[in-house]
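Visitor: I would like to learn how to read features in a structure such as this one. Please take them one at a time.

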Amino acid sequence: MKTLHFGGSSAAEIADSIETHLRSGALSCGDALPAVRALASRLDVNPNTVAAAYARLRDAGRLVTDGRRGTRVAPARPPVADATAVVLPHGLRDLAGGDGDRSLLPRPPSTGWPGLPADAGYGGPAEAPLWQATARDWLESQGLPAEATGVFSGTLDAVERALRHHARPGDRVAVEDPCWPPMAALLHALRLKAVPLPVDAQGVQIPAAECLDGCSALVLTPRAHHPTGCALSEARWKALRRLLQSRPHLLCILDDYWGPLSQEPLAPGAGLPPLWLYVVSVGKFLGPDLRVALAAGTPALIDAMRAQQAVGARWVSRLLQTLAARLWQEARRSGQLAHATQAYARRRQALEFALRSRPDAQVPTGGEGLHLWIPVHDENAVLSALAARGWAAQAGAPFRIASAPAVRISLGDLTGAEVGPLARDLAEALAPVPSRPVF
């Protein structure tokens with residue numbers, strides 16, 4: 001163990017002293033810290049004070065407790081990677097990737113669009129006028145206030161800026177379980193502790209009041225929850241909102257990534273909590289390369305997010321904003337968005353109907369979106385059985401925090417001719433393996 005000088009008389013001061021050694025490099029990955037009682041004796045403080053300092057740094061991901069090995073500096077964080085990335089064996093049909101159907105995405109007219117903005121220079125507005133008008137129309141159609149908005153480079157960009165402003169390392173953030181893996185990875189990168197909230201057919205289940213008491217933020221998917229496809233019901237939202245009303249400092253983040261493709265109403269549009277942020281990215285309905293997301297929320301929060309943006313990227317490309325706005329408007333005018341919505345719904349309904357016709361296929365129905373979430377006893381066994389039949393599905397493990405095993409079937413590229421064979425093979429993969437007698 002390295003001999004280092006730690007100081008402080010309170011948990012915060014002791015944690016800051018340890019943090020100083022971590023930042024200077026005097027403490028590195030795997031180094032042991034003094035036992036709680038030993039450091040308490042050295043600093044002449046109560047052992048509970050040192051334990052609280054260690055707990056604060058553990059919650060922030062800086063320390064780990066490893067049984068008899070004691071408290072040590074946490075290992076370096078692994079490089080950021082796509083938790084759902086799958087390398088497919090040759091010849092398997094991809095139902096794991098999760099991309100939408102590219103044929104359902106709108107495209108600019110071959111003649112181009114006149115009037116795309118000329119270079120406004122560095123002093124131009126952060127929000128392109130056409131994007132701002134389109135965003136306002138969308139918010140009003142969903143019953144959301146449009147007084148404070150911003151435009152960011154995708155959902156994660158907006159959520160990260162909100163959490164950097166509102167939360168501190170070590171804070172607890174409530175999330176749906178299962179949840180979108182990049183959201184969980186973002187919380188980990190910000191050294192925030194994810195608190196799992198179970199999900200059912202009506203959306204996130206109402207947590208105990210004391211669960212939210214210790215949280216600084218709550219992240220919800222109000223429609224087409226990824227990966228289960230459920231929507232937050234009006235009754236469920238009203239019950240949750242009552243809890244949030246008495247917690248005005250708890251930030252409620254609404255990730256409405258499927259909104260323009262949804263057939264469900266936006267439950268939070270009927271009444272918002274004291275502190276809120278709504279985010280809708282255009283990636284799912286206009287294409288993932290259009291890195292543009294609309295954020296609306298409490299004015300002070302949006303101002304803080306835009307202030308962060310102003311000292312970094314400064315703005316999202318106004319040309320990109322205008323292109324996204326025109327595609328969005330044209331997709332609504334031409335009926336292309338409605339066509340995509342119906343196409344995805346038909347695929348989901350066809351697969352659910354085909355599965356219901358199979359004996360012993362216990363598969364949840366309802367919901368919307370790109371994915372079917374299927375509870376299983378053994379993820380690897382089901383994935384192997386599907387692979388043997390030519391299908392590549394996604395394990396549920398990257399999506400789960402404390403929820404039960406499942407597999408995810410992505411419907412983005414599923415064709416009508418594939419529905420029947422997939423339902424047959426999926427039902428067989430889900431069937432229990434008969435036990436063999438032991439002689």
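Visitor: Start with a helix. What covers the buried residues of α13?

Guide: This is a predicted model, and that applies to every value below. The cover over the buried residues of α13 includes β13 (391-392), β14 (394-395), β15 (406-410) and α14 (416-430).

Visitor: Which residues of α13 are buried?

Guide: The general idea comes from helix geometry. An α-helix has 3.6 residues a turn, so residues three or four places apart point the same way. In helix α13 (residues 379-388), the buried residues are Glu379, Val382, Leu383, Ala385 and Leu386. Viewed down the axis of α13, these buried residues fall within an arc of 160°, so they line one face of the helix. Asn380 and Ala388, on the other side of α13, are exposed.

Visitor: What is found at the start of α13, and what follows the helix?

Guide: At the start, a side-chain oxygen of aspartate 378 comes to within 3.1 Å of the backbone nitrogen of asparagine 380. After α13 comes glycine 390, with a positive phi near 95°.

Visitor: β15 is part of that cover. How many of its residues are buried?

Guide: Five of the five residues of β15 are buried, so the strand is largely enclosed by the rest of the structure. Both of its faces are covered: Ala406, Arg408 and Ser410 are buried on one side, and Val407 and Ile409 are buried on the other.

Visitor: How do I place β15 in its sheet?

Guide: Strands of a sheet pair through backbone hydrogen bonds, either parallel or antiparallel. Here β15 belongs to an open sheet of three strands with the order β12-β15-β14 and antiparallel pairing. The edge strands are β12 and β14, each of which pairs on one side only. Strand β12 (residues 371-375) is joined to β15 by five bridges, and β14 is joined to β15 by two bridges. Valine 407 in β15 stands opposite isoleucine 374 and also opposite alanine 395.

Visitor: What is the strand order in the sheet of eight strands?

Guide: That open sheet has the order β4-β11-β10-β9-β8-β5-β6-β7, and its pairing is mixed. Its edge strands are β4 (149-152) and β7 (203-204), each pairing on one side only. An antiparallel case is β4 with strand β11 (residues 293-297), paired over four bridges, where phenylalanine 152 stands opposite alanine 293 in β11. A parallel case is strand β5 (residues 172-177) with strand β6 (residues 193-200), paired over six bridges. There, valine 175 stands opposite proline 196 in β6.

Visitor: β4 is an edge strand. Are its faces covered or exposed?

Guide: Both faces of β4 are covered, with Thr149 and Val151 buried on one side and Gly150 and Phe152 buried on the other.

Visitor: How should I read a residue in a loop, such as glutamate 127?

Guide: Begin with its place and its accessibility, then look at its contacts. Glutamate 127 lies in the loop between β3 (93-94) and α4 (129-141). Its relative accessibility is 6%, so glutamate 127 counts as buried; the cut-off for that is under 20%. Setting aside residues up to four places away in sequence, glutamate 127 touches Gln132, Thr149, Gly150, Val151, Arg306 and Gln321. Two of these contacts can be given with their distances. The side chain of glutamate 127 has a polar contact of 3.4 Å with that of threonine 149, and one of 3.3 Å with that of arginine 306.

How values were computed
Residues numbered from 1 in each chain as written. Predicted model: local features only at pLDDT ≥ 70, side-chain atom pairs only at ≥ 80, totals over all residues. Heavy atoms only, no water. Pairing = 2+ DSSP bridges. Buried < 20%, exposed > 50% of the residue type's maximum accessible area, 1.4 Å probe, protein only. Arc of directions from axis to C-beta. Contact = heavy atoms within 4.5 Å. Polar contact = N/O pair within 3.5 Å; in protein donor to acceptor, adjacent residues only side chain to side chain.
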